[in-house]
Amino acid sequence: METTDNFEMADAAPVISLNYEAQTYLREAGKWASFLGIIGFIFTGFIAIAALFAGTMIANVSRLSPETPATAIMAGMGGFATVIYLLVGLLYFFFSLFLYQFGSRIKKGITYADQFHVTTAFSKLKSFFKLWGILTIVILCLYALIIACAIIFGLSASSMMNR
């Protein structure tokens, strides 16, 4: 299904105008978005550092008791943990980037009455929510898959016990 959006021509009169109160709310939202974006960048750095050391930490824990079979499995999971941390960090980076870009552009657009910056700010906000929506759908699908696997495992374990 394809949708088409009808946008007004660039030369046409504005359809929506923002009063002073709405501009104040957007400016304040921009300040908070910039703050959260910067904090997100800092946490992305922490996640990246943790990714570098995750494999080493898991391997060192597995050396504490090498005689148990579970530690051999844990030793092999170090690389997997590093990849997961890096993927989480990458996701967190993009959330932070979109928030920061929205914040900086909406502040600039409202302060200088620049339509281009306001439009690009809302574009970044749309990208933030689109990413959040896609991630939500993926997580819901993973939950459904985990629940289905748990039910199948439970039914097969139950049938094995009844023999």
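1. Let's start with Phe 94: its relative accessible area is 34%, so Phe 94 is partly exposed. On the scale used here, buried means under 20% relative accessible area, exposed means over 50%, and partly exposed is in between (1.4 Å probe, protein chains only).

2. A word on what you're looking at: this is a predicted model, where local features need pLDDT of at least 70, side-chain atom pairs count only at pLDDT 80 or more, and totals for chains, interfaces and linings use all residues. Residues are numbered from 1 along each chain as its sequence is written, and side-chain values use heavy atoms, with hydrogens and water left out.

3. Next, the rings. Those of Phe, Tyr and Trp (its six-membered ring) pair if their centres lie within 6.5 Å; planes under 30 degrees apart are called stacked, over 60 edge-to-face, and the rest tilted. That rule gives ten aromatic pairs. One of them joins Phe 93 and Phe 94: with ring centres 5.5 Å apart and planes at 70°, the pair is edge-to-face. Phe 93 is partly exposed, at 30% relative accessible area.

4. Another pair to click on is Phe 102 with Phe 122. Their ring centres are 6.3 Å apart and the planes sit at 50°, so this one is tilted. Phe 102 belongs to helix α3 and Phe 122 to helix α4 (residues 115-161), so the pair ties together parts 20 residues apart in sequence. Phe 102 is buried, with a relative accessible area of 5%, whereas Phe 122 is partly exposed at 35%.

5. There's also a cluster: Phe 41, Phe 93, Phe 94, Phe 98 and Tyr 100 form one aromatic group.

6. Helices here are DSSP runs (H or I, at least four residues), as are strands (E, at least two), numbered from the N terminus. After α3 comes Ala 113, whose phi is positive, near 50°.

7. Finally, the cysteines. A disulfide is a pair of cysteine sulfur atoms within 2.5 Å, and a search of the whole structure turns up zero. Cys 141 is in no disulfide, as the nearest cysteine sulfur, that of Cys 149, is 13 Å away. Seen from Cys 149, that distance to Cys 141 is too far for a bond. Cys 141 is partly exposed at 48% relative accessibility, and Cys 149 is partly exposed at 44%.
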